2 protein chains.
Amino acid sequence: MYKVEVIVKYKKGILNPEAKTINNALRSLGYNSIKNVQSGKYFELTFPADLKKSEVENTTDEVCHKLLSNPVIEDYTYKIEKEQE
Amino acid sequence: MYKVEVIVKYKKGILNPEAKTINNALRSLGYNSIKNVQSGKYFELTFPADLKKSEVENTTDEVCHKLLSNPVIEDYTYKIEKEQE
């Protein structure tokens, strides 16, 4: 089984109101040791073990581009792990 | 500088309508090689380098519990990395 962890973040310079709100909340709760919080989305994709790693990569790229992120304002990164079932 | 990556996921058994929708969309787009998709939230916390690792851990735990997750329905995991500035 392949486990693919995808993280989708806003591109630099894109306003992220959720992160702004969290940063403000941390200030008002007194957590001044935290310099900054960024937020994003997390996805975990599961593929069967009989696929090649390159097939997993290609499908992940396609799905990230078409479905899981908005390429105009978001970037994605992923890492693939092969796990024992 | 410490970089802490937090992932917040629904607990097992909690209905996740976003993940359900993504799984349905993948089926209708013909991505049958993907067995399952889980979704969650991602946060990146930045702490100054002069803190002890235990302080970073304690603050992260508190913030995850109070602000970044709903402990009734969500679980969180995090990993701490120390980076050169």
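Hi everyone, and thanks for coming. Residues are numbered from 1 along each chain as its sequence is written, and chains are lettered from A, with ligands numbered from 1, in the order in which they are written. Because the model is predicted, local features need pLDDT of at least 70 and side-chain atom pairs count only at pLDDT 80 or more, while totals for chains, interfaces and linings use all residues; side-chain values use heavy atoms, with hydrogens and water left out.

So, how confident is the predictor? The term pLDDT is the predictor's confidence in each residue, from 0 to 100. Chain A averages 95, and 99% of the residues score at least 70. Within chain A, confidence is highest in strand β1 (residues 2-10), at 97, and lowest in α1(A), at a mean of 95. The model scores ipTM 0.90 and pTM 0.91. When I say helix or strand, I mean DSSP runs numbered from the N terminus: H or I over at least four residues for helices, E over at least two for strands.

Let's look at the two chains together.

Two strands pair if DSSP finds at least two bridges between them. Here six strands form an open sheet in the order β3(A)-β1(A)-β2(A)-β2(B)-β1(B)-β3(B), with antiparallel pairing. The edge strands are β3 (74-82) of chain A and β3 of chain B, each pairing on one side only. From one strand to the next, the twist averages 25°.

Let's walk along it. Starting in chain A, β1(A) and β3(A) pair over nine bridges in the antiparallel sense, and A:V4 stands opposite A:I80 in β3(A). Then β1(A) joins β2(A) through eight bridges, again antiparallel, with A:F43 as the bridge partner of A:V6. Crossing between the chains, β2 (residues 36-47) of chain A pairs with β2(B) over eleven bridges; there, A:G40 stands opposite B:Y42.

Is β1(A) buried or exposed? Buried means under 20% relative accessible area, exposed means over 50%, and partly exposed is in between (1.4 Å probe, protein chains only). Seven of the nine residues of β1(A) are buried, so this strand is largely enclosed by the rest of the structure.

Contact here means heavy atoms within 4.5 Å. In helix α2 (residues 53-68) of chain B, the buried residues are B:V56, B:T59, B:T60, B:V63, B:C64 and B:L68. Seen down the axis of α2(B), they fall within an arc of 135°, so they line one face of the helix. That arc is taken from the directions from the helix axis to the C-beta atoms. What do these buried residues pack against? Their partners are α1 (17-29) of chain A, plus β1 (2-10), β2 (36-47) and β3 (74-82) of chain B. The helix α2(B) lies across β1, β2 and β3 of chain B, running at about 150° to β3(B). For such angles, axes are lines fitted to C-alpha atoms, for helices over the stretch in contact, and values run from 0 to 180 degrees between N-to-C directions.

Finally, a few single residues. A:T46 is found in strand β2 of chain A and counts as buried, at 13% relative accessibility. Not counting residues up to four places away in sequence, A:T46 touches A:M1, A:Y2, B:S33, B:I34, B:K35 and B:N36. In helix α1 of chain B we find B:N23, which is buried with a relative accessible area of 13%.
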